[in-house]
Amino acid sequence: MRKTADVVDLRARKALGRPKVRSDDEQMEIIVAKAIELFLDVGFVAMRMDDVAAACRVSKRTLYRLFPSKLDLFRAMAGIHRQSMLIFPAIEGHQTLEEALAEVFRIDIHAEEDCRRMAFIHRTLAETRAVPELGDILHQEGGEKAKALLGAWLAIWKERGAAGIGDPHAAASILMDMVFGAIALKPSDVSYWPGGSDRKAYLRECFRYFVNGVK
């Protein structure tokens, strides 16, 4: 009887000790998060796939199955960065378009997170000198996809009767230019956001003009 109990206990301990098998989506999320940390720390050129695999505790075989190249991995990183710039929550019936735009463009983002997303842009711009493809990827996965998503989001508002929205995709381009187009990089790589230290008030004014026009 004791022997049987010991066998059962051993089996239970083995079952508890087995690592949880992650789905590919879960694994990819972990890999991209770790890769962004390494990218911000050492840059794209110095970041090795071996280092990413070690940081995530995955085999190189698994890493290359999910991301066949370092550029493919950066493409996924750029997609995560895009989500730090714009989010598209469900459209609430009680919200005005101005209020919704403030949420979409994340004007109340925490200062630490804001610094992190700008650091990603600065690091990418610096690395494009050695790897020009990074700029193309950031443009495609960042600006262009963000604009397409914003256009689709504005189309929903137009269907719901929001006044002043003609072509939603043209409106998306206008908004992107208003919010991001005037950002300039100083020689010190310190970003300048339109509106300066009172950027939130500036952006709210942008959204007010966009929604209401000049009357």
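Is aspartate 51 buried, exposed or partly exposed? In this predicted model, aspartate 51 is partly exposed, with a relative accessible area of 27%, where buried means under 20% relative accessible area, exposed over 50% and partly exposed in between, for a 1.4 Å probe and protein chains only. The model is predicted, and local features need pLDDT of at least 70, side-chain atom pairs count only at pLDDT 80 or more, and totals for chains, interfaces and linings use all residues. Residues are numbered from 1 along each chain as its sequence is written, and side-chain values use heavy atoms, with hydrogens and water left out.

The secondary structure of the protein consists of 10 helices and two strands; helices (H or I, at least four residues) and strands (E, at least two) are DSSP runs, numbered from the N terminus. Along the sequence the elements follow the pattern α-α-α-α-α-α-α-α-α-β-β-α. The protein has 215 residues, of which 35% are buried. Its accessible surface comes to about 13,000 Å², and carbon and sulfur atoms account for 55% of that surface; accessible areas come from the Shrake-Rupley method with a 1.4 Å probe, and for residues only the protein chains shown count as cover. Among contacts with a separation of 6 or more, 66% are between residues 24 or more positions apart, contact meaning heavy atoms within 4.5 Å.

In soluble globular proteins, nonpolar side chains tend to be buried together. A nonpolar core is here a set of buried Ala, Val, Leu, Ile, Met, Phe, Trp, Tyr and Cys residues joined through side-chain atoms within 4.5 Å. The largest nonpolar core has 28 residues, and those with the most contacts inside it are Phe105, Leu150, Trp153 and Phe207. Two or more residues of this core come from each of helix 6, helix 7, helix 8 (133–159), helix 9 (168–180) and helix 10 (199–212). Helix 9 gives the most to this core, with six residues. Another core, of 24 residues, lies apart from it and includes Val32, Ile36, Phe44 and Phe67.

Tryptophan 153 touches Phe88, Pro89, Ile91, Leu97, Ala100, Leu101 and Val104, with residues up to four places away in sequence not counted. Two packed helices are described by the angle between their axes and the distance between the axes. The axes of helix 6 and helix 8 come within 12 Å and cross at roughly 160 degrees; axes are lines fitted to C-alpha atoms, for helices over the stretch in contact, and angles run from 0 to 180 degrees between N-to-C directions. Helix 6 and helix 8 are therefore roughly antiparallel to each other, given that angles under 35 degrees count as roughly parallel, over 145 as roughly antiparallel, 65 to 115 as roughly perpendicular and the rest as oblique. The crossing of helix 6 and helix 8 is right-handed; a crossing is left-handed if the near helix is turned anticlockwise from the far one by less than a right angle, and right-handed if clockwise. Leu97, Ala100, Leu101 and Val104 of helix 6 make the contact with Leu150, Trp153 and Trp157 of helix 8.

The axes of helix 2 (residues 24–42) and helix 3 come within 9 Å and cross at roughly 120 degrees. Helix 2 is therefore oblique to helix 3, and the crossing is right-handed. On helix 2, Ile30, Ile31, Lys34, Ala35 and Leu38 meet Asp51, Val52, Ala55 and Cys56 in helix 3. Aspartate 51 lies in helix 3 and, neighbours within four places in sequence aside, is in contact with Leu38 and Ala46. The C-alpha atoms of aspartate 51 and alanine 35 are separated by 8.8 Å, and the two residues are 16 residues apart along the chain.

Helix 5 (residues 70–85) contains serine 84 and methionine 77. Methionine 77 is buried, at 0% relative accessibility, and is in contact with Val32, Ala35, Ile36, Phe39 and Phe120, leaving aside neighbours within four places in sequence. Serine 84 is buried at 13% relative accessibility and touches Arg106, Ile109 and Arg117, not counting residues up to four places away in sequence.

Arginine 106, in the loop between helix 6 (97–104) and helix 7 (111–127), has a positive phi of about 55 degrees although it is not a glycine. Arginine 106 is buried, with a relative accessible area of 17%. Arginine 57 has a positive phi of about 60 degrees, and it is not a glycine either. Arginine 57 lies in the loop between helix 3 (49–56) and helix 4 (60–66) and is exposed, with a relative accessible area of 79%.
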